[in-house]
Amino acid sequence: MTHPLDILNHAHRDDALALLAPLVERSAWVAQDSLSARPFADDAAVAQALVETILLSGAERRLAMFRVHPELAGREALAGDMTPASTGEQARLGLMSLDRRDAQRLTRLNAAYGARFGHPFIIALHRVPDLATLFDLFERRVTASPIEEHVSTLAEIASVIRARAAAAFAPLPHHRPQEHAQ
């Protein structure tokens with residue numbers, strides 16, 4: 001079986017872009033600008049190329065990238081318009097089926113964050129163990145300074161990219177032959 005990383009490294013440009021684009025939320029330009037780093041040695045190199053592209057892109061382009069992310073349990077979630085990765089990440093914490101009180105709390109936090117920073121709250125949900133932790137982190141970050149929050153948002157996006165790259169391109173586990181009983 002051909003490993004997904006080998007496929008990525010040898011694929012035609014359009015096919016390679018189709019493999020990379022889902023790693024960065026609705027920002028195909030990141031994949032396009034990172035493709036020249038091929039061949040990638042491993043999943044970490046894939047993630048590093050994507051993150052470096054983002055970091056070198058300039059504040060305005062990064063802000064535009066932040067703005068295309070969906071809100072947590074927001075309009076895109078309700079309409080079913082999120083990417084499969086985002087849907088799965090939000091569903092894991094129950095964000096797709098919040099009770100009325102938690103839904104109202106999240107709506108207030110989303111609105112306050114968007115008004116303060118001009119983009120949705122972005123967090124690497126794979127690192128968040130439960131809903132209470134998510135709310136605590138959200139409430140702390142909504143009070144951060146704009147520069148602190150810009151840096152935090154970049155760190156969160158980098159974590160998501162690393163996790164998605166590992167899921168897509170990590171080495172396959174080696175199968176050891178079973179030892180014979182003696």
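This is a predicted model: local features need pLDDT of at least 70, side-chain atom pairs count only at pLDDT 80 or more; totals for chains, interfaces and linings use all residues.
Which side chain meets Glu139 in a salt bridge? I looked it up: Arg105 does, at 2.8 Å, N to O. I call a salt bridge any side-chain nitrogen of Lys or Arg within 4 Å of a carboxyl oxygen of Asp or Glu.

Residues are numbered from 1 along each chain as its sequence is written, and side-chain values use heavy atoms, with hydrogens and water left out.

**Entry: Glu139 and Arg105**

I checked where the two partners sit. Glu139 is in helix α9 (residues 131–141) and Arg105 in helix α8 (residues 100–117), so the pair links distant parts of the chain, 34 residues apart. My helices are DSSP runs (H or I, at least four residues), numbered from the N terminus. Glu139 comes out partly exposed at 34% relative accessibility, and Arg105 is partly exposed too, at 24%. My cut-offs: buried is under 20% relative accessible area, exposed is over 50%, and partly exposed is in between (1.4 Å probe, protein chains only).

**Entry: the other salt bridges**

I searched the whole structure and got 7 salt bridges. One of them pairs Arg164 with Glu25 at 3.3 Å, N to O. Arg164 lies in helix α10 (residues 146–169) and Glu25 in the loop between α2 (13–20) and α3 (28–34), so this pair ties together parts that are 139 residues apart in sequence. Both Arg164 and Glu25 are buried.

I also looked at Asp102, which forms a salt bridge with Arg101; their closest N and O atoms are 3.9 Å apart. Asp102 is buried at 11% relative accessible area, whereas Arg101 is exposed at 59%.

**Entry: α8 against α10**

How do the axes of α8 and α10 cross? I find them coming within 11 Å and crossing at roughly 110 degrees. The axes are lines fitted to C-alpha atoms, for helices over the stretch in contact, and angles run from 0 to 180 degrees between N-to-C directions. The two helices are therefore roughly perpendicular, a label I use for 65 to 115 degrees.

For the contact (heavy atoms within 4.5 Å), I listed Tyr113, Arg116 and Phe117 on the α8 side, meeting Pro146, Glu149 and Thr153 of α10. I sorted the residues of this contact into 3 nonpolar, 1 polar and 2 charged. In that sorting Ala, Val, Leu, Ile, Met, Phe, Trp, Tyr, Cys and Pro are nonpolar, Asp, Glu, Lys and Arg are charged, and the others, Gly among them, are polar.

Terms used
Angles under 35 degrees count as roughly parallel, over 145 as roughly antiparallel, 65 to 115 as roughly perpendicular and the rest as oblique.
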